[in-house]
Amino acid sequence: MKILIPEKPARNVLAAARAFGRAGHQVTLALPVESPESYRARFTSRFVTNIVAITSPHVDPQRFIEDLLSILTTHDFNVLLPFTHATVLPVSYYRDKLIHHVRTPIVDYEVLRLAHDKLETLKIAQHLAIPFPVTFHPQSREALLNLESQIPFPALVKARQGCGVGATIRFATDFAELLAGYDAISQQPSTPPVNDYTSPIIQEYVPGQLFDANFLYQKGCPKAALTQERVITYPVQGGPGAVNRTTKDPVLREYGERLLNALGWHGPAQVEFRLDPRDQTYKLMEINPKFWGTLPLSIVAGVNFAALACELALDNEVPETFEYPADIYYRWLFPSELYALAQDPSGPKLRAFLKRFRYRPTYYDWDLGDPRPDLLRALTTLRTILFHRDTLLATREDLNALALQRSPAQQTEKLT
């Protein structure tokens, strides 16, 4: 099978490429580089067959699609496999043009749009009685001023559409910080259909651990599922997983399926929750309507969502894959876990870091059969910690303790 992945070799892409390569498939990466040959010489995994240049979807989504079509008309590929919001959304939007050249396991755009829009997702969750944080949607800055007495702090400002903590989320402990965060997000230039910063939502900050329910759907039916805990994240107050653990949580899976069933989902998706310690209830954060960054844990646990997605793209019947072992750990030492430790290198955190080397079974973000990309990432991580540690410390305040001070009476989900 020939697979085109229009992404940089992030950890999930690298894990998928290695799994595909070992299975005998050919993987080509399409990414915005001036010299693919030079990039390949510096980077790349031995399981990546080729690298081709393409316009970044962040710069120009339509040109990105035009470049894709040019590649697809001059090269023969079986499956187009996007991994990020920036690529999934244009691919879905221009699906009718692409389908004449290649298959892709991505849901129709109108459904994808609902899952990508945090406000629309919460409206669906409210109808389905899935708990979520108290949420407000002021139509303007003036409308936000009228909500000052109603907003519980700490609070978040979130872009309705977009990804990336720095660009799409601001944290506030008082109303002045909230206004500043609202302005910072809403004044950014939007690049539809990938990002929309014009109408942010306001949401209470929910403390507690992050958990995920990961799925692959085929025409509205779940075909594979895996739940997991983000044991450590970077940034440490909430972000992508730095250490994850497989779980077998029926509540998480049921909430996730309830939401995706209502959407008539097709393809991969991750449904993200926080376990609120104030009432021990999972609160919905968002749907990631794509492959998740911690995909390597799913693969080593025996649920290869990327391979199953290729079968889905080719209209083959996807085998049900719901069995996997719980309590498998995966550690992304370079850079995520070491960056998290650099944020808080206190004695207890250092002891916990060292203790995790005794966890069994544990997998790590290196591959002795394909060491080159891992070595490059390790060197980059250590250089950042040694010479640019200030950039790691410029992170969000620890809002966890503040959020716990709120009374149980304020914890009912609400959409205003």
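Strand E6 (residues 155-158) and strand E8 (residues 201-204) run antiparallel to each other and pair over four bridges; two strands count as paired if DSSP finds at least two bridges between them. Keep in mind that this is a predicted model, where local features need pLDDT of at least 70, side-chain atom pairs count only at pLDDT 80 or more, and totals for chains, interfaces and linings use all residues. Residues are numbered from 1 along each chain as its sequence is written, and side-chain values use heavy atoms, with hydrogens and water left out. Helices (H or I, at least four residues) and strands (E, at least two) are DSSP runs, numbered from the N terminus.

**The sheet**
- Ala155 has Glu204 in E8 as its bridge partner.
- Zooming out, four strands make an open, antiparallel sheet in the order E5-E8-E6-E7.
- Strand E5 (135-136) and strand E7 (169-172) sit at the edges with a single partner strand each, so one side of each has no neighbour in the sheet.
- Helix H7 packs on the sheet and touches E5, E6 and E8; contact here means heavy atoms within 4.5 Å.
- The direction of H7 makes about 55 degrees with that of E8 (axes are lines fitted to C-alpha atoms, for helices over the stretch in contact, and angles run from 0 to 180 degrees between N-to-C directions).

**The nonpolar cores**
- A nonpolar core is a set of buried Ala, Val, Leu, Ile, Met, Phe, Trp, Tyr and Cys residues joined through side-chain atoms within 4.5 Å.
- The largest one has 48 residues, and Leu4, Leu68 and Trp265 are among those with the most contacts inside it.
- Helix H3 gives this core its largest share, six residues.
- Leu98 touches Ile65, Leu68, Leu69, Leu72, Leu80 and Val91, leaving aside residues up to four places away in sequence.

**Helix H6**
- Tyr109, Val111, Leu112, Ala115 and His116 are buried in H6 (buried is under 20% relative accessible area, exposed over 50%, partly exposed in between, with a 1.4 Å probe and protein chains only).
- Look down the axis of H6 and its buried residues fall within an arc of 155 degrees, so they line one face of the helix; the arc is that of the directions from the helix axis to the C-beta atoms.
- H4, H7, H11 and E13 are included in what covers those buried residues of H6.

**His75**
- You'll find His75 in the loop between helix H3 (61-74) and strand E4 (79-80).
- His75 counts as partly exposed because its relative accessibility is 39%.
- His75 and Leu4 are 71 residues apart along the chain, with their C-alpha atoms separated by 9.9 Å.
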